[in-house]
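Subject: Structure for you to look at

Hello,

Here is the structure I said I would pass on. Please open it beside this message; my notes on what was found follow below.

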Amino acid sequence: MSKVTEVVEGLATPLLAEIGLELVDIEYVKEGKSWFLRVYIDKEGGVDIEDCGLVSERLSEKLDELDPIPHNYFLEVSSPGAERPLKKEKDYQKAIGKNVFIKTFEPIDGEKTFDGVLIAFDGETVTMERKVKTRKKAISLPYDKIASARLAVTFS
């Protein structure tokens, strides 16, 4: 995590808690010649444009006061979308029973990408059920070997 995202997390977390929202992720990236500070928020039932606008306004005021970014940037506040990233342990707990897509740092059983239904998470191991041809097979992945994970939209 960069210094900027740490500072923004410190500002955003209490602000979001006040209004009943959750911080999902923060990105601070350069695209072309422009810098973008992206803040992803959520709540039970999802966020709407009013939630994003309110957070953008309040967070912008805090950022202007503290001024942690020395150059121009664009602040974007949005929902994480249907394929929400799984970043924290509680994200994995909430995702049990849902379709997920996971990438690992190194191959496990010869693979680095896994998709299926998350069936368990104990803090150290993520267990998912995958379809292998016509059968379902459980696979366990060490939590510390996961590079990225997200919910996965599937079409039946």
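Strands here are DSSP runs of type E with at least two residues, and they are numbered from the N terminus. Keep in mind that the model is a predicted one.

Is G32 buried or exposed? The relative accessible area of G32 is 69%, and exposed means over 50%, so G32 counts as exposed. From the C-alpha atom of G32 to that of L141 the separation is 36 Å, and the two residues are 109 apart along the chain.

β1 and β2 run antiparallel and are joined by nine bridges. One of the pairs across them is V29 with F36, the latter in β2. Both strands belong to an open sheet of three, ordered β1-β2-β3, in which the pairing is mixed. β1 and β3 (74-78) are the edge strands, each pairing on one side only. On average, neighbouring strands in this sheet are turned by 15° against each other, direction ignored.

Two helices go with the sheet. α1 packs on it and touches β1 and β2, with its direction at about 150° to that of β1. α2 lies across β2 and β3 and runs at about 145° to β3.

The cores

The largest nonpolar core has 20 residues, and those touching the most other members are V8, L16, L37, V39, I41 and L59. Two or more residues come from each of α1 (3-18), β1 (22-31), β2 (34-42) and α2 (49-66). Which element gives the most to this core? That is α1, with six residues.

Leaving out residues up to four places away in sequence, L16 touches L21, E22, L23, I41 and V55. Apart from this core lies another, made of 16 residues that include L86, I108, V126 and I139.

A second hairpin

β6 (residues 125-132) and β7 (residues 135-142) pair in the antiparallel sense, over eight bridges. In this pairing R130 stands opposite K137 of β7. How many residues lie between the strands of this hairpin? There are two, and K133 takes a positive phi near 55°.

Regards

Conventions
Residues numbered from 1 in each chain as written. Predicted model: local features only at pLDDT ≥ 70, side-chain atom pairs only at ≥ 80, totals over all residues. Heavy atoms only, no water. Core = buried A, V, L, I, M, F, W, Y, C linked by side-chain atoms within 4.5 Å. Buried < 20%, exposed > 50% of the residue type's maximum accessible area, 1.4 Å probe, protein only. Helix = DSSP H or I, 4+ residues; strand = E, 2+ residues; numbered from the N terminus. Contact = heavy atoms within 4.5 Å. Pairing = 2+ DSSP bridges. Axes fitted to C-alpha atoms, helices over the stretch in contact; angles between N-to-C directions.
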